[in-house]
Amino acid sequence: MMRDFLTITDVSEKELSRLLMLAVRCKANRRFGGSALKGKTVALVFQKPSMRTRVAFEVAVHQLGGAAIYLDQQDIQLGVREPINDVARALSRYVDAIVVRTFAHADAEAFATSADCPVINGLSDAVHPCQALADLLTIQEAFGRLKGLRVAYIGDGNNVLHSLLHGCAMMGAHVTVATPPAYKPHDAMWKDAVARAKHHGAVIRWTSDPTEAATGAEVLYTDVWVSMGQEKEREARLKVFRPYQINARLLKAAQPGCIVLHCLPAHRGEEITDDIMEHRQSRVFDQAENRLHVQKALLMWLCGKG
């Protein structure tokens, strides 16, 4: 049966564990799965520019023996020159899988509804499921487990957080979120993640106090305060988020073996200090590398080779 991957909850808890195990094998041996996409083509349809998502997918397809085609907004003007559904129907007659990176999540859903091949969400304004796979793999590498760990996310209640919440909930990891009150995560996603966490014996909670969130945490995670499309809000956001910077004081409040994560790109001196980015407990670049391994695992799984 053909499957899409638009949110991390599109897979079951068992399938999520399997994807992470597959990613571990991909990382241990870069030749693993070397012919999984032989003769296949993957289209990358990006409304938003990206370095990590694009390069990780292109390298993943190459290492799996396939070919990737990159199409940016200038190339196909998704939703402008012709309806998204028509683009999806035509494109899926040519290729074997499609990665879409959109603004509106509804556009990714429309793409998947009309395409006749698997569609992967490379990011939407609502969620970032491929990033969450890399986050979970990085945490699992550091501690050998996910269940029962205490994750603190400090910053903006955005798409990265939404997928992190769901992923941690599905794997039984506790999450404390610290955001300014006006920048909490989306209410429906929050309620769904809380319910999933409860089912797996974990707790997800919110506070406005970053120190409270960091205290006793085994993982500190942050993201930029001003994402693409929010440039007009920059000055207001910098002022509101300033107390939520991950720095030496917050790291000291966490567990001694705490690791620090950031999905990148980082604005050093804003959401995270330079010394913490370069700290021996930072796993930021392991996390970036893991985008490649989880995306290889995801492509293999969706194409029936994993």
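Which residues touch the most other members of the largest nonpolar core? They are Phe5, Ile120, Leu298 and Leu299, in a core of 64 residues. This is a predicted model, where local features need pLDDT of at least 70, side-chain atom pairs count only at pLDDT 80 or more, and totals for chains, interfaces and linings use all residues. Residues are numbered from 1 along each chain as its sequence is written, and side-chain values use heavy atoms, leaving out hydrogens and water.

**The core**
- A nonpolar core is a set of buried Ala, Val, Leu, Ile, Met, Phe, Trp, Tyr and Cys residues joined through side-chain atoms within 4.5 Å.
- Buried means under 20% relative accessible area, exposed over 50%, and partly exposed in between (1.4 Å probe, protein chains only).
- Leaving aside residues up to four places away in sequence, Ile120 touches Phe5, Phe57, Ile98, Val99, Val100, Cys130, Leu298, Leu299 and Leu302; contact here means heavy atoms within 4.5 Å.

**Cysteines**
- The whole structure holds zero disulfides, a disulfide being a pair of cysteine sulfur atoms within 2.5 Å.
- Cys26 is buried at 0% relative accessibility, and its sulfur lies 13 Å from the closest cysteine sulfur, in Cys303, too far for a bond.
- Cys117 is also buried, at 4% relative accessibility; for the sulfur of Cys117, the closest cysteine sulfur is again in Cys303, 8.8 Å away and too far for a bond.

**Around Val55**
- Val55 belongs to helix 2, residues 52–63; helices (H or I, at least four residues) are DSSP runs, numbered from the N terminus.
- With a relative accessible area of 43%, Val55 is partly exposed.

Terms used. Helices (H or I, at least four residues) and strands (E, at least two) are DSSP runs, numbered from the N terminus.
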